Amino acid sequence: MKLIYSLLITYLLTAPSQLFAQNSNQEYRLEQLLDSALQNNYLLQANDKNTLIKQAEIELLKTNYQPKISTSASFSYWKFLLPNKQKLLGDALTDMYTDISFYQTLYDWGENKVKKSVVEDEIRLNDEVRRQIRNTIILGVTDAYFEALIAETEIQVHKNSLEQLNEHLQYADNLYKIGKVSGVDVLKINVQISMEEKYLQKAQSARLNQLIKIKRLCYLTEDDNIDIEDASKTLYSNTHENSYSSFSLYDMVLQNHPVLLASNRKITIETKQKDIYKLQNRPELFSFGLGSWEHGYVPFGDNFNYNIGVGFRYTIPYWGGSGYKSRIVQSEYRVKQLNDEKSQAFLDLKKEIDFTLNSINDIKSEIINNQKIIDLAKETLNNALVKYQSGQGTIIDILDAQSILTETTIAFNKSTISYLQTLTKLHYLTGNDNYPF
């Protein structure tokens with residue numbers, strides 16, 4: 001019995017802590033979320049498979065200079081034998097023929113080498129596509145992270161506002177009980193509390209939506225309850241004095257952005273493809289050999305013959321053999337097309353960078369203005385409370401000041417986080433591969 005009581009007491013003491021551990025949420029830093037998203041994304045994994053496919057194609061091209069060996073065997077029956085066949089086969093009317101042959105390219109004017117170089121450029125092009133996918137994932141996860149923080153800060157502001165409104169309600173209710181204010185004041189505060197509760201519920205729903213989105217983007221376990229670390233204040237403190245030059249950002253785009261670098265790779269590939277078309281009008285030097293056995297029965301060992309030699313193949317560049325010329329013209333147009341697309345992509349990126357820099361300046365001004373309004377709203381609220389408590393003010397003044405303070409505080413928090421989101425977009429537009437913060 002003593003043992004049973006001891007176990008029961010131990011369980012009762014440890015059960016609450018175990019329950020708390022099961023219900024506790026795991027907190028993730030932005031870096032952890034990005035690591036999880038990049039490590040588990042299926043598009044990146046599929047892109048890696050594409051690189052392996054291209055590498056296998058290089059191995060295939062290596063076999064072009066290796067001999068191609070083929071064999072064949074046939075059996076036939078003759079009604080009668082012509083004299084030449086009769087000398088070879090004798091009196092048998094059956095014919096067993098077996099051969100083995102080989103064919104090997106000796107020289108192709110460098111066509112195989114150019115094809116291998118094209119495949120290597122396609123692998124490098126695939127690397128740029130991978131970078132673009134990776135940067136897009138980083139942008140999406142970081143944006144969802146900051147949207148969740150915006151909802152979280154809004155929740156905290158509404159909770160603080162509700163706490164202050166409840167204090168106002170208690171004070172107004174005390175004044176109402178002693179007959180210094182009417183019941184309308186209490187009713188107005190209750191209405192304001194109901195509004196704040198509605199806004200709080202909406203912010204909580206928005207936060208939950210962003211956490212669900214983060215779970216999907218980062219491939220987190222659906223059953224896990226997660227929280228995210230709020231590093232916005234630290235990040236803003238470290239970056240709010242940064243300045244940016246549009247021209248230096250343009251240079252960075254030309255050097256780093258995967259879309260522009262991919263365009264360069266495509267132009268290089270198409271230029272080499274044009275060289276391959278030109279080489280199609282060059283003769284091919286090759287060697288060949290043929291060994292054969294022919295007899296009227298099986299097994300056989302007589303009548304072995306062979307033929308070996310060197311030859312070349314050349315397609316006359318007229319009529320049907322002139323198609324490569326049209327291919328060359330097509331390739332030249334594709335190069336011009338790719339250059340135009342690259343120029344347009346660069347202009348679009350410059351435009352987005354200009355918009356983003358302008359947004360950064362606007363947000364900085366908005367942050368300063370919101371801070372001024374917050375300070376004024378706090379002072380106004382304090383004055384309204386003093387007047388109301390002394391019987392000289394109205395509850396409307398308090399509620400108006402409280403509402404302005406709440407809305408401006410939310411706007412201030414949103415603007416600081418929006419500043420970080422804008423920096424993330426600028427980081428994406430310039431083609432940086434590292435994490436934005």
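The legends below describe several close-up views of one predicted model. Local features are described only where pLDDT is at least 70, and side-chain atom pairs count only at pLDDT 80 or more, whereas totals for chains, interfaces and linings use all residues. Residues are numbered from 1 along each chain as its sequence is written, and side-chain values use heavy atoms, with hydrogens and water left out.

View 1. Helix α8 covers residues 246-256 and helix α10 covers residues 323-389, where helices (H or I, at least four residues) and strands (E, at least two) are DSSP runs numbered from the N terminus. Their axes come within 10 Å and cross at roughly 140°; axes are lines fitted to C-alpha atoms, for helices over the stretch in contact, and angles run from 0 to 180 degrees between N-to-C directions. The crossing of α8 with α10 is right-handed, a term used if the near helix is turned clockwise from the far one by less than a right angle, with left-handed used if anticlockwise. S246, L249, Y250, V253 and L254 of α8 meet F346, L349, K350, I353, D354 and L357 of α10, contact being heavy atoms within 4.5 Å. These contact residues comprise 8 nonpolar, 1 polar and 2 charged (Ala, Val, Leu, Ile, Met, Phe, Trp, Tyr, Cys and Pro count as nonpolar, Asp, Glu, Lys and Arg as charged, and the others, Gly among them, as polar).

**View 2. Helices α10 and α11 pack roughly antiparallel to each other.** The axes of α10 and α11 are 7 Å apart and meet at an angle of about 160°, and α10 passes α11 in a left-handed crossing. Residues in this contact divide into 24 nonpolar, 12 polar and 6 charged.

**View 3. Helix α7 has a buried face.** In α7, which spans residues 232-239, the buried residues are S232, L235 and T239; buried means under 20% relative accessible area, exposed over 50% and partly exposed in between, with a 1.4 Å probe and protein chains only. These buried residues fall within an arc of 70° when seen down the helix axis, so they line one face of α7, the arc being that of the directions from the helix axis to the C-beta atoms. An α-helix has 3.6 residues a turn, so residues three or four places apart point the same way. The buried residues of α7 pack against α5 (111-177) and α11 (395-429), while the face turned away from the buried side carries the exposed residues K233 and N238.

**View 4. N47 is a buried residue of helix α3.** N47 lies within α3, residues 42-62, and has a relative accessible area of 6%. Apart from neighbours within four places in sequence, N47 is in contact with N126, V129, R130 and I133.

**View 5. W109 and Y219 have positive phi values.** W109, which is not a glycine, has a phi of about 65° and sits in the loop between β3 (94-107) and α5, where it is partly exposed at a relative accessible area of 36%. Y219, also a residue other than glycine, has a phi near 60° and lies in the loop between α6 (183-218) and β4 (226-228); its relative accessibility of 33% makes Y219 partly exposed.

Key
Parallel < 35°, antiparallel > 145°, perpendicular 65-115°, else oblique.
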